Amino acid sequence: MCPAEYQPLLLGLDSHVSIPDLSSEMIEEFLEHRPVAMRWWPRLFGWESRLLWLLSGSSIVYSVFSYMLSFVTLMFSGHLGALELAGASIASVGIQGLAYGIMLGMASAVQTVCGQAYGAKKYSEMGIICQRAIVLHVGAAILLTFLYWYSCPILKAMGQSESIAEQGQIFARGLVPQLYAFALSCPMQRFLQAQNIVNPLAYMSVGVFLLHILLTWLVVYALNYGLIGAALTLSFSWWLLSIINGLYIVLSPSCKETWTGLSIKAFKGIWPYFKLTIASAVMLCLEIWYNQGLVLISGLLTNPTIALDSISVCMNYLNWDMTFMLGLAAAASVRVSNELGAAHPKVAKFSVVVVTSTSVFISIIFSAIILIFRVGLSKLFTSDAEVIAAVSNLTPLLAMSVLLNGIQPILSGVAIGSGWQAIVAYVNVTTYYFIGLPVGCVLGFKTSLGVAGIWWGLIIGVSLQTVTLIVLTLRTNWDAEVVKAAERVKSSANEETLDLVTNA
């Protein structure tokens with residue numbers, strides 16, 4: 001029987017208890033002790049949806065507008081010429097995309113541990129975890145600087161033409177300062193999201209984005225600094241965003257319990273935390289590099305400029321959609337990690353159901369928009385008729401990928417919140433690199449499909465990964481995940497081995 005203090009909830013789901021008055025503890029008790037009748041589902045769904053959108057609404061805004069900084073830069077670069085767009089695109093994909101994969105992957109460890117620590121009310125440990133992550137991110141940025149600076153020979157070694165590789169190096173060198181800004185911003189963003197501080201992040205990203213549009217126009221067109229000017233402006237905007245993030249953490253009363261100042265403890269646990277981030281980095285890197293790798297491969301096709309421009313334009317829209325879904329995925333990760341940390345397995349499982357249903361519905365709408373406005377979306381990037389036609393031909397495949405994005409990123413977010421990074425890394429290697437990538441190469445180079453064949457490889461790989469994640473999620477023992485979450489938080493508090501990626 002459900003305890004007496006929860007009896008009002010049984011009636012409230014039908015009548016008078018408002019959704020904001022419900023709590024995770026009440027919902028957990030209800031799901032634990034009562035069979036869920038159909039008439040209660042709307043209010044349960046409404047309760048979880050309210051929490052989800054309080055988190056994901058602002059997370060989506062931050063994620064989208066942060067991505068739009070690069071999106072706008074590429075749009076301005078595209079109007080400089082087809083060669084400049086190809087160079088900027090290949091640098092964004094082959095060089096910047098590599099760094100993003102590493103940085104975002106490493107930061108997912110912050111999201112897991114801080115989210116579970118916040119749910120367990122171990123607030124003081126969160127600031128230490130964030131500092132450890134920043135130290136490791138800056139170290140990674142130092143190593144990646146060489147990749148940015150000598151990107152021309154690297155791009156040529158990948159098979160890109162000399163003219164495209166030279167333009168790519170110009171753009172990449174202008175992004176070196178942005179690399180260090182991203183190394184600071186990425187852990188700070190996850191630190192704030194883990195404690196449900198998302199509205200300030202959204203305001204910051206929108207403000208910087210609006211300023212970035214003005215500055216990019218001024219530097220590229222009014223001052224005629226061209227491609228290097230566009231890259232340096234992007235770097236400046238990211239530094240501005242990182243500085244604002246840092247000032248908020250240090251000065252805001254909202255972080256007074258989780259940020260207690262700089263501490264030497266951040267260095268004491270650096271090696272165990274470094275090992276922890278490896279699986280996290282591998283998991284997301286394999287996902288991000290898969291998409292980027294297919295763009296690089298398209299540069300090896302006949303007429304590489306048109307092929308590269310068309311797939312880059314489509315990939316940017318796919319990345320835009322992915323960025324939107326990553327906002328939902330971040331909210332899913334926070335909800336799952338918080339509830340596991342608070343020992344609410346039933347609520348964690350229910351959160352997965354709600355966020356997946358929501359994201360699928362949104363993806364259907366996005367797919368329809370892409371198919372309806374296929375030509376207009378092409379013209380935002382270029383006025384070249386040949387590129388516009390090539391992009392239009394790829395939009396049905398783009399719509400299919402967007403539909404898949406309604407599930408795959410969300411379940412990856414659930415994996416991050418639960419600490420399954422190592423298992424998902426194995427899944428990604430198999431579905432993407434052993435199956436999807438070879439199929440894409442065969443269809444792209446051995447048939448008349450060309451760029452479309454390469455994209456079919458992307459769809460096949462993502463489809464297989466999505467099915468595997470669905471099976472993994474359905475078979476999860478959420479009670480066991482609560483026990484593992486408690487062990488992770490305890491390990492973090494004791495500065496022993498932070499085994500985030502133990503057997504899921």
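In this predicted model, residues 24 or more positions apart make up 84% of the protein chain's contacts with a separation of 6 or more. As for secondary structure, the protein chain is built with 20 helices and zero strands. Of its 504 residues, 60% are buried.

Helices 4 and 5 make a handy pair to look at. Helix 4 covers residues 82-119 and helix 5 covers residues 124-149; their axes come within 10 Å and cross at roughly 170 degrees. Anything over 145 degrees counts as roughly antiparallel, so that is how helix 4 and helix 5 run relative to each other. Sorted by class, the residues in the contact of helix 4 with helix 5 are 21 nonpolar and two polar, with no charged ones.

Then there's helix 9, a run of 24 residues (199-222). From first C-alpha to last, helix 9 reaches 34 Å, close to the 34 Å expected at 1.5 Å a residue. Its buried residues start with P200, L201 and A202, carry on through M204, S205, V208, F209 and H212, and finish with T216, V219 and V220. Just past the end of helix 9, N224 takes a positive phi of about 60 degrees.

Definitions and conventions:
Residues are numbered from 1 along each chain as its sequence is written. This is a predicted model: local features need pLDDT of at least 70, side-chain atom pairs count only at pLDDT 80 or more; totals for chains, interfaces and linings use all residues. Side-chain values use heavy atoms; hydrogens and water are left out. Helices (H or I, at least four residues) and strands (E, at least two) are DSSP runs, numbered from the N terminus. Buried means under 20% relative accessible area, exposed over 50%, partly exposed in between (1.4 Å probe, protein chains only). Contact means heavy atoms within 4.5 Å. The expected span of a helix is 1.5 Å times one less than its number of residues. Axes are lines fitted to C-alpha atoms, for helices over the stretch in contact, and angles run from 0 to 180 degrees between N-to-C directions. Angles under 35 degrees count as roughly parallel, over 145 as roughly antiparallel, 65 to 115 as roughly perpendicular and the rest as oblique. Ala, Val, Leu, Ile, Met, Phe, Trp, Tyr, Cys and Pro count as nonpolar, Asp, Glu, Lys and Arg as charged, and the others, Gly among them, as polar.
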